[in-house]
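Hello,

Here is the structure I promised to pass on. Please have a look when you get a moment; my notes follow below.

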Amino acid sequence: AVSKKSKAVELDPLAQAAANKSAEAADELLLSEVDVDGQFPKAEWKDTVAVQCVTAPAKSVLWLGWYVRWLIKFDIMGEEYGPAEREYLTRKAMHVSESRWALLSKEKRDELMAKELWVPEAFEQFQAETWKGGAGAKNNKKRK
């Protein structure tokens, strides 16, 4: 008998707990660094659903091009990461959006980048030191 349960991907409970803890810790770090006072940016015309629907195909093509470039450059050719790629991987490991990353001071971003958090082992050590026993990003690929 086939179950009619949801076909959603279920994460390993340990992995899900680690991801939640990492996201919560990243939020705490950002909130401790940035005084947001509960304010949100004012909505603009480009944020409307109609504009998003019209621009979605172009954004999808741009993303696909970016992803193919990433695969060729780093996975196939084995090139080293540049500063922008290291920053992207650091943000991704910390579960921080680009806009929230931009809210951090330049000094704080430089400090985090100096710790080489895009390397899974360095990120796990950072979690253990900073967040007292964080489980780490075990699914990240090891990079040069």
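First, a term that comes up throughout: buried means under 20% relative accessible area, exposed means over 50%, and partly exposed is what lies in between, with a 1.4 Å probe and protein chains only. By that rule F74, for instance, is buried, with a relative accessible area of 5%.

Some housekeeping before the rest. This is a predicted model, so local features need pLDDT of at least 70 and side-chain atom pairs count only at pLDDT 80 or more, while totals for chains, interfaces and linings use all residues. Residues are numbered from 1 along each chain as its sequence is written, and side-chain values use heavy atoms, with hydrogens and water left out.

**The overall picture**

The protein chain has six helices and zero strands, where helices (H or I, at least four residues) and strands (E, at least two) are DSSP runs numbered from the N terminus. Of its 144 residues, 25% count as buried. The accessible surface is about 10900 Å², and carbon and sulfur atoms account for 58% of that; such areas come from the Shrake-Rupley method with a 1.4 Å probe, and for residues only the protein chains shown count as cover. Taking contact to mean heavy atoms within 4.5 Å, residues 24 or more positions apart make 50% of the contacts in the chain with a separation of 6 or more.

**The core**

A nonpolar core here is a set of buried Ala, Val, Leu, Ile, Met, Phe, Trp, Tyr and Cys residues joined through side-chain atoms within 4.5 Å. The largest one has 18 residues, and M94, W101, L112, F123 and F126 have the most contacts inside it. Helices α2, α3, α5 and α6 are the elements that each give two or more residues to this core.

T90 is another residue to look at. It sits in helix α3 (residues 83-94) and is buried, at a relative accessible area of 0%. Leaving aside residues up to four places away in sequence, T90 touches W101, M113, L117 and W118.

**The aromatics**

Rings of Phe, Tyr and Trp (its six-membered ring) pair if their centres lie within 6.5 Å; planes under 30 degrees apart count as stacked, over 60 as edge-to-face and the rest as tilted. The structure holds seven such aromatic pairs. In one of them, W66 and W70 are tilted, at 5.4 Å centre to centre and 35° between the planes. These two are four residues apart in helix α2, which means about one helical turn separates them. W66 is partly exposed at 31% relative accessibility, whereas W70 is buried at 8%. F74 and Y81 also pair: their ring centres are 4.8 Å apart with planes at 50°, so this pair is tilted. Y81 counts as buried, at 4% relative accessibility. W66, W70, F74, Y81 and Y88 form one aromatic cluster.

**The salt bridges**

Side chains of opposite charge can pair when their charged atoms come close. I used a side-chain nitrogen of Lys or Arg within 4 Å of a carboxyl oxygen of Asp or Glu as the rule for a salt bridge, and by it the count comes to four.

- R69 and E85 meet at 3.4 Å, N to O. R69 lies in helix α2 (residues 49-76) and E85 in helix α3, so the pair ties together parts that are 16 residues apart in sequence. R69 is partly exposed at 37% relative accessibility, while E85 is buried at 12%.
- K106 and D110 have their closest N and O atoms 3.2 Å apart. Both lie in helix α5 (residues 106-114), four residues apart, about one turn of the helix. K106 is partly exposed at 48%, and D110 is partly exposed at 39%.
- K108 and E111 meet at 3.4 Å, N to O. They are three residues apart in helix α5, about one helical turn. K108 counts as buried at 14%, and E111 as partly exposed at 38%. Salt bridges that share partners join K108, E111 and K115 into one network.

Best wishes
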